[in-house]
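The following exercises concern the packing of a protein chain. Please examine the sequence and the model before working through the solutions.

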Amino acid sequence: MAMASRQDDVQRLFDLKAPTWYAKYDAQGPLAERSARFVRAVRELRRPPADLLDFGCGSGSISRALADVGYAVSGCDLSPGMIRMARKTSVESAAPISWIEIDASAACLPFEDRSFDVIIASSVFEYLSDPLIS
């Protein structure tokens, strides 16, 4: 029960932050350089074209930056508000991105094994109550 409550709290928190979250990544925002850093880091691991999952994509700024340089991006988040903002703010992006709202209560993610060449998660693990990595 406590884990569900924590997930609900995180979802509500980011639903509240969603309308202005993307501004953090604008040229003058506090996270302005983050998207470029992710592009550089991902390119070192795997050059495009490649299938990429942005797990906890928020309002989609990093997803858009990666899609714009040739990655086939799927962005997922448990916050419906963040996914709405990602869709709304990505209309100017030349590359299509698949935006997926994930169910925090689901036992597993809605993706087949080995669906992605690269998976990133920016500012996600600190919000997990029990991050099991196997």
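**Exercise 1: the surroundings of Leu66**

Determine which residues Leu66 touches, not counting residues up to four places away in sequence. Solution: contact requires heavy atoms within 4.5 Å. By this criterion, Leu66 touches Phe38, Val39, Val42, Leu52, Tyr71, Val73 and Ile120.

This is a predicted model, in which local features need pLDDT of at least 70 and side-chain atom pairs count only at pLDDT 80 or more, while totals for chains, interfaces and linings use all residues. Residues are numbered from 1 along each chain as its sequence is written, and side-chain values use heavy atoms, with hydrogens and water left out.

**Exercise 2: the nonpolar cores**

State how many residues the largest nonpolar core has. Solution: a nonpolar core is a set of buried Ala, Val, Leu, Ile, Met, Phe, Trp, Tyr and Cys residues joined through side-chain atoms within 4.5 Å. Buried means under 20% relative accessible area, exposed over 50%, and partly exposed in between (1.4 Å probe, protein chains only). The largest core has 25 residues, and Leu66 is among those with the most contacts inside it. A second, separate core of 7 residues includes Leu53, Phe55, Cys76 and Ile102.

**Exercise 3: Gly56**

Is Gly56 buried or partly exposed? Solution: first, locate Gly56 in the loop between strand S1 (51-55) and H3; strands (E, at least two residues) and helices (H or I, at least four) are DSSP runs, numbered from the N terminus. Next, because its relative accessibility is 23%, Gly56 counts as partly exposed. Finally, leaving aside neighbours within four places in sequence, Gly56 contacts Cys76, Asp77, Ser122 and Val124.
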